[in-house]
Amino acid sequence: MSEVIYSTVIRTEGRKRDKMEMTVDIYESADSIKDHDFRTDTNTQHPQQQTERDGLLTQNNNLTKQRDQLKKERNAHPKNCHGTDGWIYYNSSFYFISSEKKSWIESRSYCRERGADLIIINNKEEQEFVLNVTGGEEAWIGLSDSDEEGRWEWVDGSTLTYSFWGLREPNGGTRENCVESYRSGWNDNSCNKIKKWICERNIF
Ligand SMILES: [Ca+2]
Ligand SMILES: [Ca+2]
Ligand SMILES: [Ca+2]
């Protein structure tokens, strides 16, 4: 009986000691954590973390540079990119719809002096866009047969694939070599007539 009690006491004592040792361990760990300077940690003990941090810093610097460059570019072209003087953006191009009127040649010069050219209408959507922005009013587009009668050519030298001629157009023969857009589609007209015009600048 006394042996049983004795061994129970020893076991209890042993558990107490274990507990105390664990407690001391915990306090010691806490102290070592408390005294540890984490600010130096990344510099001295975790080279991988330092590399990652340096990588992020470099990335951040690069992004800042890119942002500044974009800001600079945006400020360099306010005249051509923003709505203040009538340039509007649609589907990868900037367009200018004039309020003045000029001959076809002079209209084209106006566009070219601004890094653009008279509009090339590539598809039905662009034709509808033109009708929308002009409200169907007459405006020169970048199509003519001045070089060779009957061979319609866009200002970039490409030949006509999609066309939106109005009823009974083109009908002017050698007297009418320049094309305007109007309510019902396109019309060949005399290049010297003065009309509004549309410039296009493709951004790609
Ligand atoms: Ca176009
Ligand atoms: Ca003609
Ligand atoms: Ca005509």
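The following exercises, each with a worked solution, concern a predicted model.

**Exercise 1. The central strand**

Task: Determine which strands pair with E4, in which sense, and whether E4 is buried or exposed.

Solution: 
- Step 1. Begin with the antiparallel partners. E4 and E6 pair in the antiparallel sense over 3 bridges, and Ser144 stands opposite Cys178 of E6.
- Step 2. E5 also pairs with E4 in the antiparallel sense, over 2 bridges; here Ser144 stands opposite Glu153.
- Step 3. Turn to E8, which pairs with E4 in the parallel sense over 2 bridges. The bridge partner of Ala139 in this strand is Lys196.
- Step 4. Examine the two faces. In a regular strand, side chains alternate between the two faces of the sheet. In E4, one side carries Ala139, Ile141 and Leu143, the other Trp140, Gly142 and Ser144, and all of these are buried.
- Step 5. Conclude: because 6 of the 6 residues of E4 are buried, the strand is largely enclosed by the rest of the structure.

**Exercise 2. The largest nonpolar core**

Task: Identify which elements give two or more residues to the largest nonpolar core, and list the contacts of Ile198 beyond four places in sequence.

Solution: 
- Step 1. The core holds 20 residues, and those touching the most other members are Leu118, Ile119, Trp140, Ile141, Trp197, Ile198 and Cys199.
- Step 2. Two or more residues come from each of strand E2 (93-97), helix H5 (104-112), strand E4 (139-144), strand E6 (178-182) and strand E8 (196-202). E4 supplies the largest share, 4 residues.
- Step 3. Beyond its neighbours within four places in sequence, Ile198 is in contact with Tyr95, Phe96, Ile97, Leu118, Ile119, Val130, Ala139 and Ile141.
- Step 4. As background, nonpolar side chains tend to be buried together in soluble globular proteins.

**Exercise 3. Backbone exceptions**

Solution: 
- Step 1. Ser92 is exposed, with 8 other C-beta atoms within 10 Å.
- Step 2. With 7 other C-beta atoms within 10 Å, Arg168 is exposed.
- Step 3. Pro170 is found in the loop between strand E5 (153-154) and E6.

Technical notes
Residues are numbered from 1 along each chain as its sequence is written. Chains are lettered from A and ligands numbered from 1 in the order in which they are written. This is a predicted model: local features need pLDDT of at least 70, side-chain atom pairs count only at pLDDT 80 or more; totals for chains, interfaces and linings use all residues. A nonpolar core is a set of buried Ala, Val, Leu, Ile, Met, Phe, Trp, Tyr and Cys residues joined through C-beta atoms within 7 Å. A residue is buried if 20 or more other C-beta atoms lie within 10 Å of its own, exposed if 12 or fewer, and partly exposed in between; C-beta atoms are placed from the backbone. Two residues are in contact if their C-beta atoms, placed from the backbone, lie within 7 Å. Two strands pair if DSSP finds at least two bridges between them.
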